[in-house]
Amino acid sequence: MIPKTFKEVIDLGDGREISIETGKLAKQAHGSVVVQSGKCMLLCTVVSNYKQSDVDFLPLTVDYREKFAAAGRYPGGFFKREARPSDGEVLTMRLVDRVLRPLFPKDYHAETQVMIQLMSHDDDVMPDAMAGLAASAAIQLSDFPFECAISEVRVGRVNGEFIINPSRTQLAESDIDMVIGASADSVMMVEGEMNEISEEEMTEAIKAAHEAIKVQCAAQLRLAEAFGKKEVREYEPEREDADLEKKIYDMAYDKVYAVAKAGSAKHERSASFDEIKEEIKATFSEEELEDLGGMVSKYYYKAEKAAVRDLTLNEGLRLDGRKTTEIRPIWCETDYLPSVHGSSIFTRGETQALATVTLGTSREANQIDMPSFEGEETFYLHYNFPPFSTGEARPIRGTSRREVGHGNLAQRALKGMIPADCPYTVRVVSEVLESNGSSSMATVCAGTMALMDAGVQLKKPVSGIAMGLISDGDTGKYAVLSDILGDEDHLGDMDFKVTGTADGITACQMDIKVKGLSYEILVNALKQAREGRLHILEKLTDTIAQPREDVKEYAPKMVTTRIANEYIGALIGPGGKVIQELQKETGTTIVINEDPITEEGIVEILGTGQEGINAVLAKIDSITFKPVVGNSYKVKVIKMLDFGAVVEYLDAPGNEVLLHVSELAWERTENVSDVVNMGDVFEVKYFGIDSRTRKEKVSRKALLEKPEGYKERAPRSDNKDRGSRDNRGGRDNNRNKDRRRD
């Protein structure tokens, strides 16, 4: 029996649609939908346990996977099975998680899983832009306690026109690539990269995306209504005690306010807050604390948050004593590590990043192999966040999702400033050594200086800043915080990171926690961020004003040349013998790629010594050398023969040609050694292929003046030639007769 299905269609314009369907697949999940645009299909399922977990947070897992079968491909590697998620999949998981998580009740602690799978791929549709829509639509069909429908869209701009969910081809022409997550009422998440746009342009792009999201949220509600919206499940909420909350608030607020106002350093401040908390807990017996569970700690943190926020709103002061627009002290250094190709240290307050740059050939490009996209990156950035950076001891179990996300943000901030003609593959690695507020923005700043230190000719330097927002919805008061601390990130209403040059924004990441944030506040916050970015940018350029003119002495030099495809085989040699020996002799790395457009070979030569690079270039010149008819070339005698001398072109060692004895001089030459000897260097004229001998012809005498009185030999007449041939033929016939007699 074919199950009954329910479907809603969303019009994207330009003949494109998105459909949301339920009722056919994965019916044992608590909610499931298939979202389709073109031939691209996503299956999303959601499940949440009915029993609360024994934790004080929401154990939510968002999982996004792309199946290789969706694109008619096999997984790469030895084992033909999808393995750990790629960085691209992890980034999509983060985009969805950041919007969903705040919409679950704070006291809902049931194990919850959202699984999104790419089941069918379409080259013209980017599936990550529909993942948020799929997740929210599936939740709307479930009985989860979830605040409201949301969706996510990608917005691009081509020729001044905004495009919702552009194709990859359109995105290549766009100066904006942003993913926006929102409900019908509020923008909640923004992430993307831009080509140095203004704050107002960025806001207009967010507005355009939000209008499309409103339509998608309405479609989800219609689908849920048609399907039969389930009653929200009941769950055991956290214990609440209003009297206890007030008691702890009264005990903690003034003390916390005083510590916050003192403007101390992170560890000193944390110790003072812990002391206040322990004093409050000491007023309860052990039995009372056990009976109350974690309520005392929970209410203390609420009082602490309120006091710190009030300090900023009332007095314009922050935890470390700064004003709202003030940036922490900054110091920078470049060329810190003696053996790397480029390095820098960026320290801002209690946040420090050490960045390194490594230069390589196209062989070191980062290969991307996903069902939805295959390609390579010749510029990429890796971000490491070890536990000691926050004074913690915890196990390291691979690269975290956070590290992938922060590294991607810094990479997007910088990649637009790498010149198109940069011959290198460039890898930047950021090691976060201290962290108390936006190590990703410290990574952008350190990365900029390290790239310039390495001699990468950045178009413009890039800086980044993390901003915060504290607002009071009742009074309308708000404060935008420049260069936020880690604590301010947790207690604020918005965490947004903005990177850019002096001329505009290159990347951003925003998580907005307050509903109904006005665009006016957003624009003001972005403009304050610009002032902070320019202040930080000045510190960077004071340290290193412009990129080094060349790479460092011990860093590899890269030279790129092109050769016709017909010479690639000769350069490689049988079994790679020529190129391998050449690399060994010159101490270089040689990479050859074919350009399908120009049908040429692109040869990359990487080496620390210019002498080795020059030797490779000379060998290539030798292999590809073609003399031009009528031109003169210097040659060297390398072999003496009875009938001439073998000479080698000086500009193309290894290219030899026979200089016939008749072309040595105008006078008759009996012995070759009468005119030239081994090792002699002189010029010859190139005449091309001789029509009689079918061999290349060069002449020394053609460049010499004829001797006085010299007379050309008269050519033999045709009759004489014929007679001589006839006589020769007669003699040959007589010989043949003699052989027959014998």
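Predicted model: local features only at pLDDT ≥ 70, side-chain atom pairs only at ≥ 80, totals over all residues.

Visitor: Why is the pair of Phe104 and Phe146 called edge-to-face?

Guide: Rings of Phe, Tyr and Trp (its six-membered ring) pair if their centres lie within 6.5 Å; planes under 30 degrees apart are stacked, over 60 edge-to-face, and the rest tilted. The centres of Phe104 and Phe146 are 5.0 Å apart and their planes stand at 70 degrees, so this pair is edge-to-face. A search of the whole structure finds 11 aromatic pairs.

Visitor: What makes this a link between distant parts of the chain?

Guide: Phe104 is in the loop between α1 (87-100) and β6 (110-120), while Phe146 is in the loop between α2 (131-140) and β7 (150-158), 42 residues apart. Helices (H or I, at least four residues) and strands (E, at least two) are DSSP runs, numbered from the N terminus. Both Phe104 and Phe146 are buried.

Visitor: How do you know what kind of pair Tyr108 and Tyr235 form?

Guide: Their ring centres are 5.1 Å apart and their planes are at 80 degrees, so this pair is edge-to-face. Tyr108 lies in the loop between α1 and β6, and Tyr235 in the loop between α4 (199-227) and α5 (242-262), so the pair ties together parts 127 residues apart in sequence. Ring pairs link Phe104, Tyr108, Phe146 and Tyr235 into a cluster.

Visitor: Is Tyr108 buried or exposed? And why does Tyr235 count as partly exposed?

Guide: Buried means under 20% relative accessible area, exposed means over 50%, and partly exposed lies in between (1.4 Å probe, protein chains only). Tyr108 has 1%, so Tyr108 is buried. Tyr235 has 22% relative accessibility, so Tyr235 counts as partly exposed.

Visitor: Where is Glu238, and what does Glu238 touch?

Guide: Glu238 lies in the loop between α4 and α5. With a relative accessible area of 27%, Glu238 is partly exposed. Not counting residues up to four places away in sequence, Glu238 touches Lys106, Asp107, His109 and Lys298, where contact means heavy atoms within 4.5 Å. The C-alpha atoms of Glu238 and Tyr108 are separated by 8.3 Å, although the two residues are 130 residues apart along the chain.

Visitor: What makes Lys207 lie over the face of Tyr519?

Guide: A charge sits over a ring if NZ of Lys or CZ of Arg is within 6 Å of the ring centre and within 35 degrees of the ring normal. Lys207 is at 5.2 Å from the ring centre of Tyr519. The charged end of Arg700 likewise sits over the ring of Phe682, 5.6 Å from its centre.

Visitor: Why are β1 and β5 at the edges of their sheet?

Guide: The open sheet has six strands in the order β1-β2-β3-β4-β6-β5, with mixed pairing. Two strands pair if DSSP finds at least two bridges between them. β1 (6-13) and β5 (60-66) each have a single partner strand, so one side of each is left without a neighbour in the sheet. β5 and β6 run parallel and are joined by seven bridges, and Leu60 stands opposite Thr112 in β6.

Visitor: How do you know that β9 is mostly covered?

Guide: Eight of the eight residues of β9 (176-183) are buried. Ile176, Met178, Ile180 and Ala182 are on one side, and Asp177, Val179, Gly181 and Ser183 on the other. In a regular strand the side chains alternate between the two faces of the sheet.

Visitor: Which strands pair with β9?

Guide: β7 and β9 run antiparallel, joined by seven bridges. β9 also pairs with β10 (187-197) in the antiparallel sense over seven bridges, and these two form a hairpin with three residues between them.

Methods. Residues numbered from 1 in each chain as written. Heavy atoms only, no water.
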